[in-house]
Amino acid sequence: MSSFTIAHDIPGRMRILYGKNKLSSVQGEVLKKDLYAWPMIESVEVINVTGSVLMLYDKAQKGLLLNKLKNLDIQYLQNADTSSIVVHSQTPEAIAMNREYMNRFFKIIGKRYFIKCFYQWA
């Protein structure tokens, strides 16, 4: 079935790893939607770049969750219907904010190295 490892597990919170670049963003959204349908799952976050899934679950149903995860074969995501999946990208405001913070960061770093070089020559 599926080959995953449990990265960490504290009661009610579990992160499992499928492997780096195993899931595309669309496949991650399909998996997230499917996991939300499980009765013991309270919250799911799929990070497709790292291939990890963070789940908040009902502590009393941990055994059932582990059984369902062992029987889940993520190969079904290759042929899953993705027509209804919308992948949320960053808004223009978020992109502008990120750009502003990057500009500030580079100004601070540039200023630091300029002053460091200036004092080194003096």
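This is a predicted model: local features need pLDDT of at least 70, side-chain atom pairs count only at pLDDT 80 or more; totals for chains, interfaces and linings use all residues.

Modeller: Contact here means heavy atoms within 4.5 Å. Gln27 counts as buried because its relative accessibility is 12%, and buried means under 20%. When neighbours within four places in sequence are set aside, the residues in contact with Gln27 are Lys22, Leu77 and Gln78.

Leu64 belongs to helix 2, which comprises residues 62-71. Its relative accessibility is 43%, so Leu64 counts as partly exposed, a class that lies between the limits of 20% and 50%. The C-alpha atoms of Leu64 and Met40 are 8.2 Å apart in space, while the two residues are 24 residues apart in sequence.

The chain as a whole provides the setting. Its secondary structure consists of 3 helices and 4 strands, and these follow the pattern β-β-α-β-β-α-α along the sequence. The chain has 122 residues, of which 25% count as buried; Gln27 also counts as buried. Of the contacts between residues at least 6 apart in sequence, 61% join residues at least 24 apart. The accessible surface of the chain amounts to about 8,800 Å², and carbon and sulfur atoms account for 57% of that surface.

Key:
Residues are numbered from 1 along each chain as its sequence is written. Side-chain values use heavy atoms; hydrogens and water are left out. Helices (H or I, at least four residues) and strands (E, at least two) are DSSP runs, numbered from the N terminus. Buried means under 20% relative accessible area, exposed over 50%, partly exposed in between (1.4 Å probe, protein chains only). Accessible areas come from the Shrake-Rupley method with a 1.4 Å probe; for residues, only the protein chains shown count as cover.
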